[in-house]
Amino acid sequence: MGRALELAARGRYTTDPNPRVGCVLVRDGEVVGEGWHVRAGGPHAEIIALREAGERAAGATAYVTLEPCCHHGRTPPCTEALIVAGVRRVVAAMQDPNPRVGGAGLEVLLAAGIEVRSGVMEAEAERLNPGFVMRMRQGRPWVRCKLAMSLDGRTAMASGESRWITGEDARRDVHRWRALSSAIMTGVGTVLTDDPSLTVRLEESEGGSRQQPLRIILDTHLRTPPDARLLRLPGETLILAGIPDRQREARLEGRGVSVVTLPMDGSRLDLAAVLAYLGRMEINEVHLEAGATLSGAMLAAGQVDELLVYLAPHLMGDTARGMFCLPGLERMEQRIGLSISDIRAVGRDWRITATVRR
């Protein structure tokens, strides 16, 4: 199963909106076939492994990181192919959280006389597909919030100047995380202040060959300038507004931008409605790069799942800006708990990865 997970990870930049899946076929202690899902619409991992194994698939055990599908989508059911090939046993890391499957694939195999087992390295399999799992279970994408800060927790000087807090190695690492994501999201304040690109700039071997992630701007009053840098770059841009303004919409749509109006929550966009809309768009993972206001609002609303924090070895002083704008936190019991999953050096900086406790 460990090998199947390694194979699945090879599709980490290309499978959207499908999950990353790997499969290993073993017969008499020998690997006879391997495969991984490369892109939506293409053959699934099981099919590629079965093709490699050929007649040797009969009597084999299939180790697959996600329960085989049993429904007709863009491709035929994998359960059918496994049955026809004469596979004796199927071991799945986890059941498919897709309601169209949800254990039904294993039941089909069991009914055909195939021995089945699930739950082998399940946690590792879930970590490989956090966005797909979240979207299937809760109808919204997984949100990863990236921040760069000084050792004293500052993300920008009082003037707003923030380039560059971290070194080149850390900034390159950020592009790898962008490449893993379905979409890169920011707020209009960051667009007006920094005029960012929000693109992936990597070599092909590092994920630079993938299609640019969707760029998303949360812009309640449609203040995004039609000549903003990100509107002039390859890739698609979606602006989510809260107050319709047909004249401004027309100017932005003339630049090839999609504009969608969503419900408001007081004076700002309803962030839960934003993520529900992105879930319906089949967005799996959102990479949030925004200022303290939007990042804080997302965190306070329970719409951030993971923090990606780059810590730079310098001090910026107490007048510099903090990581999150979180008004109302006055007592220790109101703290937002985190579970740190990884800390590592990236060049001269440190990267801390943490999930938000619910």
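**Briefing: strands, helices, salt bridges and backbone angles**

Strand β10 (237–241), helix α9 (residues 246–253) and strand β11 (residues 258–261) together form a right-handed β-α-β unit. Right-handed means that, with the strands pointing away from the viewer, the path from the first strand over the helix to the second runs clockwise. Helices (H or I, at least four residues) and strands (E, at least two) are DSSP runs, numbered from the N terminus.

This is a predicted model, in which local features need pLDDT of at least 70 and side-chain atom pairs count only at pLDDT 80 or more, while totals for chains, interfaces and linings use all residues. Residues are numbered from 1 along each chain as its sequence is written, and side-chain values use heavy atoms, with hydrogens and water left out.

**Strand pairing**

- β10 and β11 pair in the parallel sense over four bridges; two strands count as paired if DSSP finds at least two bridges between them.
- Within this pair, L238 stands opposite S258 in β11.
- In a regular strand the side chains alternate between the two faces of the sheet.

- Helix α2 covers residues 45–53, and its buried residues are A45, E46, I47, A49, L50 and A53.
- Buried means under 20% relative accessible area, exposed means over 50%, and partly exposed lies in between (1.4 Å probe, protein chains only).
- The elements covering the buried residues of α2 include β1, β2 (30–36), β3 (61–64) and α3 (78–85), where contact means heavy atoms within 4.5 Å.
- After α2 comes G54, which has a positive phi near 60°.

**Salt bridges**

- The structure holds 21 salt bridges, each defined as a side-chain nitrogen of Lys or Arg within 4 Å of a carboxyl oxygen of Asp or Glu.
- Side chains of opposite charge can pair when their charged atoms come close.
- E306 forms a salt bridge with R144, and their closest N and O atoms are 2.8 Å apart.
- This pair links distant parts of the chain, with E306 in strand β15 (residues 306–312) and R144 in strand β6 (residues 142–150), 162 residues apart.
- Both E306 and R144 are buried.
- R27 forms a salt bridge with D28, the closest N and O atoms being 3.9 Å apart.
- R27 is partly exposed at 31% relative accessibility, whereas D28 is exposed at 75%.
- D173 forms a salt bridge with R176, and here the closest N and O atoms are 3.5 Å apart.
- Because D173 and R176 are three residues apart in helix α7 (residues 168–180), about one helical turn separates them.
- D173 is buried, with 8% relative accessibility, while R176 is partly exposed, with a relative accessible area of 28%.
- A network of salt bridges links D173 and R176 with D342, R344 and R351.

**Backbone angles in loops**

- D16 and P17 are joined by a cis peptide bond, with omega about 0°.
- P17 is in the loop between α1 (2–9) and β1 (22–27).
- D195 is not a glycine, yet its phi is positive, about 50°.
- D195 lies in the loop between α8 (188–194) and β9 (214–218), and D195 is partly exposed, with a relative accessible area of 26%.
- L222, also a residue other than glycine, has a positive phi near 55°.
- L222 is found in the loop between β9 and β10, and L222 is buried, with a relative accessible area of 3%.
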